[in-house]
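Visitor: I'd like a close look at one part of this model, the place where the two chains meet. Could you walk me through the helices there and then step back to the chain around them?

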Number of protein chains: 2
Amino acid sequence: MTTEEFHSSDKAITSETSSYMKVWSVPSSINLEMGGKLDNVKIAYETYGKLNNKKSNAVLICHALSGDSHVASHSKDDLKGWWEIFVGPGKSIDTNKYFVICSNVLGSCRGTTGPNSINQNTGKPFGKNFPLITVGDMVKVQKLLVNDALKIQNLLCVVGGSLGGFQVLEWAKQYPSNVKGCIGIATSSRLSPQALAFDVVGRNAITHDPHFKDGQYYDTNAKPEDGLAIARMLGHITYLSNDSMNKKFGENKLKPREIKTDFEKRFSIGTYLAYQGKKFVERFDANSYITLTTAMDLFSIGENKKEIEISLKNTNSDWLFISFSSDWLYPPSQSKELVEALVSSGKNVSYTNIPSKAGHDAFLLEDELEDYGNLTSAFLNKLTGDNEKTSYSLEPSQREKTNIFYNKRLDLNIIVDLIPKNSAVLDLGCEDGDLLSLLREKGFTELIGIEIDYKKVETCAKKSLTVINYDIEDGLKTFSNKKFDVAILSQTLQAIKDVEKVIIEMTRVAKASIISFPNFAYQPLREMMFQEGKAPKTEGWYGYEWYNTPNKRFPSIADFEDFCNLKNISILRSVFLNSEKGIQITEKPNLNADNAIFVLGDPEKITR
Amino acid sequence: MTTEEFHSSDKAITSETSSYMKVWSVPSSINLEMGGKLDNVKIAYETYGKLNNKKSNAVLICHALSGDSHVASHSKDDLKGWWEIFVGPGKSIDTNKYFVICSNVLGSCRGTTGPNSINQNTGKPFGKNFPLITVGDMVKVQKLLVNDALKIQNLLCVVGGSLGGFQVLEWAKQYPSNVKGCIGIATSSRLSPQALAFDVVGRNAITHDPHFKDGQYYDTNAKPEDGLAIARMLGHITYLSNDSMNKKFGENKLKPREIKTDFEKRFSIGTYLAYQGKKFVERFDANSYITLTTAMDLFSIGENKKEIEISLKNTNSDWLFISFSSDWLYPPSQSKELVEALVSSGKNVSYTNIPSKAGHDAFLLEDELEDYGNLTSAFLNKLTGDNEKTSYSLEPSQREKTNIFYNKRLDLNIIVDLIPKNSAVLDLGCEDGDLLSLLREKGFTELIGIEIDYKKVETCAKKSLTVINYDIEDGLKTFSNKKFDVAILSQTLQAIKDVEKVIIEMTRVAKASIISFPNFAYQPLREMMFQEGKAPKTEGWYGYEWYNTPNKRFPSIADFEDFCNLKNISILRSVFLNSEKGIQITEKPNLNADNAIFVLGDPEKITR
């Protein structure tokens with residue numbers, strides 16, 4: 001095993017301190033959430049880029065458990081930062097455009113006041129007497145830094161992963177008027193009991209280290225390094241995924257690296273963990289580890305969707321959440337819970353679950369940087385209005401041949417005309433956001449898309465659209481009853497597994513639903529089937545072979561009408577098209593139309 | 001939190017010893033796999049039930065890391081055993097039928113020789129001088145017990161979960177002629193690096209406990225209890241699932257139980273873990289924990305499918321593997337790897353992945369007992385030939401109305417007639433095993449089924465059929481080229497997503513493939529579609545509505561023939577049926593047949 005293989009979330013963090021780090025002393029006392037107060041608090045911080053005249057380009061980056069203020073290097077000679085790949089001139093968080101602030105959190109040991117700081121009442125380090133702090137306290141101190149030290153009233157955006165994401169949530173909750181955008185990466189409303197349990201075991205290892213001395217080890221010769229190293233080893237297992245560990249340590253299980261350690265060296269994974277543990281104790285304080293993990297364990301924006309919704313009901317921010325599929329410490333389901341709670345209370349939320357094998361560490365690694373980097377920069381551009389207002393395009397060249405809109409988009413304009421002005425619109429299966437863009441051009445402002453393909457969600461982000469990376473087959477439960485004026489299912493019906501559930505859900509979440517689909521009973525298709533005895537195939541939406549079509553359902557206009565009758569769903573309006581000829585059909589639509597648009601809903605509910 | 005909520009995998013294990021436990025002294029030295037030898041080894045064991053005259057009903061149960069010989073109680077007054085729910089009179093492993101043996105493993109501390117035993121060379125406990133042992137050594141000692149103490153030559157079955165499953169694999173490998181059946185539950189060919197990493201951290205916690213004294217703590221007043229408790233806490237997290245922890249500790253996170261402990265008590269999960277740790281140190285020796293986990297970490301039947309295949313190539317056993325969907329310590333993918341390796345080398349393997357929320361612990365809990373219990377008892381009955389030889393049945397009442405065979409099974413008999421005598425047959429989507437049972441009645445012996453529904457796999461197990469609980473859409477990669485004479489896809493084509501892949505895979509793994517499907521171009525269906533402009537619906541296989549049919553593909557005979565031409569797949573034979581009339585069709589089958597049977601393959605390869 002080579003040294004390179006020993007990379008991990010903190011590969012770039014060194015025990016040294018950048019000469020660019022500044023320290024600000026908070027002039028007032030800090031009253032803490034759990035009681036008690038702290039005087040003479042010092043905050044270590046670094047800034048990058050230039051604050052503009054309007055002071056509207058400040059981006060605060062919040063670090064995770066073991067991070068510090070040194071998010072990136074300031075010059076070629078400077079030490080690399082812990083998010084070097086993500087922050088800097090021309091990078092995802094572009095320091096040529098934004099004034100970036102990063103401070104070490106309260107309770108840490110990397111410059112900001114923490115348990116190893118001198119308690120002015122005793123003249124000795126706080127140790128066990130450092131008060132219990134919360135994520136809310138960390139954020140309160142950051143707010144003072146931003147307002148009083150940097151003289152900035154409002155932040156363009158707060159960004160953070162893991163514990164950094166907890167701080168993002170607290171910012172939005174505590175200072176709803178001061179944060180325009182929030183980006184939470186690989187984070188959650190609270191730790192799962194499983195994640196919390198690992199913290200408990202880690203702390204028990206520290207507090208039962210004989211050198212811990214009840215936290216007052218600063219004036220002894222020894223520190224609880226074994227306990228801290230064991231806690232860190234455990235942490236490292238949770239930052240990786242089963243897959244990534246297999247890749248790194250599967251084949252060479254019995255080939256440990258030769259390192260100097262008195263921890264077990266029999267297996268390669270053992271020496272990796274010992275190495276991580278050893279590296280960590282050189283730069284981190286055991287009491288800070290206890291303080292920060294306890295703050296993480298106590299953190300809760302809500303224990304369920306309802307509580308989260310209440311916690312964040314006053315927030316005014318635009319939100320972006322990003323999760324990673326293999327992250328089991330902050331699993332995607334927890335990001336989804338945040339998304340659902342915010343959507344529920346009408347907040348503006350975009351979300352993407354990025355496929356990754358790297359586990360929780362993914363947000364610090366280069367593997368998925370393209371995805372989370374693009375999403376972040378697009379979101380920042382959305383906040384500043386810098387995204388190219390890409391309009392939907394009729395260029396056939398941009399579409400696949402099997403796309404119904406390959407040649408014509410007749411039905412799309414008709415759908416737009418069917419939607420009452422000022423409607424709040426949900427587009428199910430919004431793909432690259434063509435319909436949403438068109439609606440925005442027409443003056444609609446309340447627009448949300450749902451899209452299963454995370455790459456298409458990125459495309460939508462670049463158009464400043466608000467899109468949630470969900471499967472519509474189970475994503476609609478997110479939305480409360482009659483949340484939208486109109487829900488649209490455009491050319492997607494035929495690919496849905498549980499048609500009944502999706503349509504019933506649409507009629508629940510929206511006052512009116514617009515459903516368009518290709519008519520399987522269109523005369524040429526019928527004739528093809530009848531005369532040739534083969535599954536019909538034409539250019540456009542039936543341009544697939546029977547054995548590889550993504551279509552699962554083959555509805556006709558008559559079938560759809562029967563379905564609505566059976567389920568007591570009112571058809572408010574129907575428009576039938578022959579898109580080949582580019583005309584509307586009124587005579588025998590089930591025979592003459594290749595495409596149908598239905599408006600469903602309760603007529604009394606759709607006046608706005 | 002009540003005491004009941006503190007149940008866990010070892011709830012039934014007490015620190016006391018059953019009076020039914022016996023100890024046998026091995027008369028000879030044991031030469032160990034990693035070098036060295038042990039003299040005067042003692043084995044603690046218990047037996048249940050009566051050995052029959054032929055000595056053919058012996059079932060050996062192998063325990064997991066913290067288990068012992070007391071698998072179940074022997075009488076009402078006896079202590080409950082660790083698998084009490086599973087083993088006993090009338091239970092899944094029925095001690096009225098089987099002579100059950102369970103012994104404490106070598107290296108443990110529950111009666112069998114281990115590090116806390118007296119080293120006769122020094123007169124003191126072995127401690128750190130206890131030699132490195134392997135799972136192979138544990139099994140070697142069990143073999144001596146079975147042969148020399150109990151005078152039994154062959155075992156009907158070896159059963160075990162987790163580390164117990166490792167022993168099952170070793171038995172089959174080392175003593176291929178002496179084990180008729182093997183049941184591996186929640187097990188794997190080796191620990192994943194992730195699982196191994198948790199062991200490493202646990203051992204580091206023990207060896208860095210100040211009371212560990214390099215393993216020679218027996219003559220001191222203190223034992224490394226803190227370290228052992230921490231290791232056990234960590235283990236417990238891995239035995240549970242995220243879901244089960246959420247259920248137990250999500251809501252009442254901040255309501256710790258009042259227990260006497262100097263471990264952290266802030267969170268409910270913390271007191272649960274502290275309680276488990278404390279309970280464990282009362283009955284387990286830290287050196288044994290190190291010894292056994294190291295043996296587990298060293299264990300490997302193979303690091304990949306190929307290596308596993310080589311390791312087990314000489315085994316003659318009939319196999320059953322059972323995994324649990326939420327087990328992340330021994331994940332289903334690892335059971336599947338074992339299944340695939342054994343299938344690859346032509347072994348007889350059944351497999352079921354039981355949906356469960358309980359994590360690794362599931363195999364010891366009552367939640368899924370019905371499933372793993374039924375599978376186990378059915379498998380034991382298969383070994384003894386005691387399963388009712390249930391034949392396939394024509395009773396319509398047993399079938400759903402949408403089943404093609406609701407009324408008639410014309411095509412099934414024809415399929416059977418198409419298969420050459422003595423063929424090895426793979427039935428894809430075998431459901432309740434009707435076709436396989438029929439084939440067995442006709443004298444076929446090499447029969448394997450693949451079925452996605454685990455409950456149907458249980459039904460097949462009760463018929464002594466060998467069935468693997470896989471999705472055929474990705475399960476065929478398991479099989480090597482031309483492994484079977486005939487692969488059958490009966491009435492399943494229309495529900496397959498990737499038709500092309502499945503058919504290509506079938507033609508790869510079998511010399512000939514038989515595919516039967518309902519013909520979508522059957523005249524009444526065509527007419528219905530043509531005249532009414534609706535998705536055709538009839539009794540039988542088109543008895544679904546367009547919006548809820550499980551069918552995804554609607555192939556006609558003509559379509560299927562086109563497909564075979566396009567893909568250069570030879571059609572060796574075709575039979576067309578009108579199952580309504582109960583006749584074969586020769587004229588215009590695409591119009592007149594409601595059902596088609598195709599035999600595909602390379603004509604030169606299908607002579608046997």
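Guide: Let's start with H3(A) and helix H4 (residues 225-239) of chain B: their axes come within 10 Å and cross at roughly 170°. Since an angle over 145 degrees counts as roughly antiparallel, H3(A) is roughly antiparallel to H4(B). Keep in mind that you're looking at a predicted model.

Who does the touching? On the H3(A) side you'll find A:Gln194, A:Ala197, A:Phe198, A:Val201, A:Asn204 and A:Ala205, and on the H4(B) side B:Ile230, B:Met233, B:Leu234 and B:Ile237. Sort those by class and you get eight nonpolar and two polar residues, with no charged ones.

H5(A) meets helix H3 (residues 193-207) of chain B, with axes that come within 8 Å and cross at roughly 85°. Angles of 65 to 115 degrees count as roughly perpendicular, so that is the label for H5(A) against H3(B). Here H5(A) brings A:Asn242, A:Met245, A:Asn246 and A:Phe249, while H3(B) brings B:Pro193, B:Gln194 and B:Ala197. That contact has four nonpolar residues, three polar and no charged.

Zoom out to the whole meeting of the chains, and 56 residues of chain A are in contact with 56 residues of chain B. On the chain A side, the elements giving two or more residues are helices H3 (193-207), H4 (225-239), H5 (242-249), H6 (268-281), H15 (499-509), H16 (523-532), H17 (557-566) and H18 (589-592). H3(A), the helix we began with, gives the most, at ten residues.

A compact globule of 608 residues would have a radius of gyration near 25 Å, and the 28 Å of chain A agrees with that. Of those 608 residues, 57% count as buried. If you take the contacts in chain A between residues at least 6 apart in sequence, 70% join residues at least 24 apart.

Chain A also splits into domain 1 (3-383) and domain 2 (390-601), and the centres of the two domains of chain A, taken over C-alpha atoms, are 43 Å apart. Where the domains touch, domain 1 of chain A puts in 18 residues and domain 2 of chain A puts in 13. On the domain 1 side, helix H9 (332-344), strand E14 (348-354) and helix H10 (369-384) of chain A each supply at least two residues. By class, that domain 1 side comes to nine nonpolar, six polar and three charged residues.

One last stop, over in chain B: B:Val59 sits in strand E5 (residues 58-62) of chain B. Buried means 20 or more C-beta neighbours within 10 Å, and B:Val59 counts as buried because it has 26. Leaving aside residues up to four places away in sequence, B:Val59 touches B:Ile93, B:Tyr98, B:Phe99, B:Val100, B:Leu155, B:Leu156, B:Cys157 and B:Val159.

Methods: Residues numbered from 1 in each chain as written. Chains lettered and ligands numbered in written order. Predicted model: local features only at pLDDT ≥ 70, side-chain atom pairs only at ≥ 80, totals over all residues. Contact = placed C-beta atoms within 7 Å. Helix = DSSP H or I, 4+ residues; strand = E, 2+ residues; numbered from the N terminus. Axes fitted to C-alpha atoms, helices over the stretch in contact; angles between N-to-C directions. Parallel < 35°, antiparallel > 145°, perpendicular 65-115°, else oblique. Nonpolar A, V, L, I, M, F, W, Y, C, P; charged D, E, K, R; others polar. Domains from an automatic or database assignment. Buried ≥ 20, exposed ≤ 12 C-beta atoms within 10 Å, placed from the backbone. Rg over C-alpha atoms; globule rule 2.2 N^0.38 Å.
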